[in-house]
Every structure is written in C-alpha cells, then in structure tokens.
Amino acid sequence: MKSRPEKYHPDSATVDALCRLVCAYLDLKVPMPDELIFMLPDDGEGNLEKRAEDGGMPSDPSRFVIPTCFSPLYSAETPTASMRKLGPVAWHAVEQGLAEVEVPAPIDPVKLRRLHAPEYVDAFLSGKGPLASSQGWPWTPQIRDGVLAINGGQLLGAKLALEHGIAANVAQGFHHAGRAQGGGYCTFNGLALVAQEFPDHRVMVLDCDEHGGNGTEEFTERLPNLYNFSINGTRFGMRGGDRSICRTVRRVTDDFGRYRQALDDAFDMVETWRPDLVLYQAGADPHINDPLGSLGMTTEQMLERDRIVFEFCQRKGLPILFVLAGGYQEPIRSRLLPLHLNTFRAAYAAYRG
Ligand SMILES: [Zn+2]
C-alpha cells in the first residue's frame, strides 16, 4: 500500500482531485450544492477552474487515497437527505485528502433489466406509473439520472476494490430494493447488482445500516454468489434465509458489547463462506440523533464500528467496497456530514499503511 507524510497538508494531488470534481460539475451543467460553493479552497495560485482547464496538476503517486466513485449526477434533490448529502460528502472527503474521485458512467439499463423485473426498470426510466415512485419519492429526471449514475458507480467501485483492496462509492447501496419494485428510498439494488455482474466472485454484504436489507435478502435466493449479513436495529421485513442472516440488536448506547458480538459473528461467517469481496453498508442512521434510528449509537461507537470492520478486512487482505447507506439528520453539513466523513477517516486510518 502506498505511503504518505505523517501530517496532512493539502498538496498537488488533492488540488488536482478537487479540480476534476469541479470540472465534472461544470461539464455536466448541474449546479453545485450550496455547501460546496463557499468551500472552494484557495491554493494561492489562481482559481481551480482555470487550473483544471490547464489540465490540473500531476498526482503524487506516493500518497495513499481511497479510490472513490462519485458523479455530480448523484446529488439529486430528494425529499430526504438520501441523495442531497452525497455531493457534500464527496467534496469534503477529497478536500481532506482522504479520497480521490473517479467519475463512473451511468449503468447500462440492460444490466438492470437482468437484475430487476423489466417492467419495473422501464417504468422508472420513463417515470410512468406508481412503480416509478415505488422507492418513496415523486419521480424526477434528476433522480433517475442520479440512480443510474450511482449504480454505474457500484460496478466501478467493485472493480476498484478488487484492484486496490479498498474503494468507496459515495452512494447508498439501495438494500431495500427488491426485484419487482423499490422501497425505503431504494430504487435498484446496487449490492445484488455487483454479485450479478461479478459472477465469478463470492460477494458478501456486511450491512450495518439501522434497517435490515430485505431487498438484498430477496436477491440471495436468485444469486448463488451473494451472501447478506445484516446487523440492524429494525428488521424491515427481513426473515433470514440460507444466505441471509438478520441480527437485530437492541439499543447499544450503554453497551457496545452486543454490537461487537454481532460483528464478530459476521467475521466468523466471512471465515466460513470466504468471500472474494465485501460490500460494507456503513449506514449513519444507527446514530443516536437520527430520526429513523433505534440503535442509539454515539458518534464514537459508530467510529469504532467502522474501525473494527476496516481493520478486519485490511488484516485479512479482503477487498472491501463501502457505501454510505442511510442517514437522515439535517442540516446535512453540521449533523450528517461528520458521521459519513468519519467512515472515510476510519478507512483511511486502516489502509494508509
Ligand atoms: Zn436505513
């Protein structure tokens, strides 16, 4: 793994990554979220846009960063923070020197029609009928384009994780989406999608969202290379299955030991089933202040959860792709962003070497 200086200072590689992120926004002609506009860093050598036009600056190959999929298309306006939060998280992960962004191409709908019922996919693409809003939001072209880009990012992220050992997709995972419809703000199941598109790999989902991954569970019955291990506070319709474990844990604020035990059980299953790739749903909705949470995790407990997971995979040499999953606190900047950035920090600390 690549090394980096002891103390972080924004350097040419970070500035270069930020330049490319700005360019991506400009190329796609989508507005940058307000949170980003006044956070543009001043490097003292002219504005980023101009430098991006000049081709940016060469990256420093000796510096470790987390390969991270993100497109400005991800940041659609949604009634919940689900997609609105994605732009600020990507931006600040790059700005803090933790991540370098790769912009994925939107997914080919042919792949979605193999995974989901074709009539559901077509309803969502066209915006027609109740199926188009079955994840829980009024349909908009912006949400459609964001969902297609995010699922493209799942496949690029899986490829990057297999190449580099770790990667991120600044997205949700969409674990409630079933074959014939969406649900729980999830449109197409980006976890099952990876298993479908990497049929020679055993893919294990470690789902640490507040809510059980009922959609992913459904797909384990169709995809023999997919295993789902969900540690949740709310079952969300999960029943458990041959390759789907549902571990529902009571509120942990005063006793993280119960959660730790569930993680150890998941790791035992990793040792038994021996996946080639772990997809980690690092949900922020188990947090004690989340309006949809019941697990009552403190910020420190969530950081501990992430640390344990990343250190396990790093120690085992097991490729891991992580996604943000749920998290519904607002305002995003002060209450949600720090939790998701902590996941990047935990990953960074485990993998920087
Ligand atoms: Zn959730």
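**Helix, core and strands**

Mentor: Helices (H or I, at least four residues) and strands (E, at least two) are DSSP runs, numbered from the N terminus. The model is predicted: local features need pLDDT of at least 70, side-chain atom pairs count only at pLDDT 80 or more, and totals for chains, interfaces and linings use all residues. Residues are numbered from 1 along each chain as its sequence is written.

Trainee: Which residues of helix H7 (residues 118-126) are buried?
Mentor: A residue is buried if 20 or more other C-beta atoms lie within 10 Å of its own, exposed if 12 or fewer, and partly exposed in between; C-beta atoms are placed from the backbone. By that test the buried ones in H7 are Tyr120, Val121 and Phe124.

Trainee: Which residues have the most contacts inside the largest nonpolar core?
Mentor: A nonpolar core is a set of buried Ala, Val, Leu, Ile, Met, Phe, Trp, Tyr and Cys residues joined through C-beta atoms within 7 Å. The largest has 109 residues. Ala347 touches Ile66, Ile166, Phe310 and Phe322, not counting residues up to four places away in sequence. Those with the most contacts inside the core are Ile66, Val170 and Ala347.

Trainee: Why is strand E4 (residues 203-207) largely enclosed by the rest of the structure?
Mentor: Check both faces. Val203, Val205 and Asp207 are buried on one side, and Met204 and Leu206 on the other. E4 is largely enclosed because its buried residues number 5 of the 5.

Trainee: Which residue in E5 is the bridge partner of Met204?
Mentor: Two strands pair if DSSP finds at least two bridges between them. E4 and strand E5 (residues 226-232) pair in the parallel sense over 5 bridges. In E5, the partner of Met204 is Tyr227.

Trainee: Which residue in E7 stands opposite Asp207?
Mentor: E4 and strand E7 (residues 277-281) run parallel, joined by 5 bridges. Opposite Asp207 stands Gln281.

Notes: Contact = placed C-beta atoms within 7 Å.
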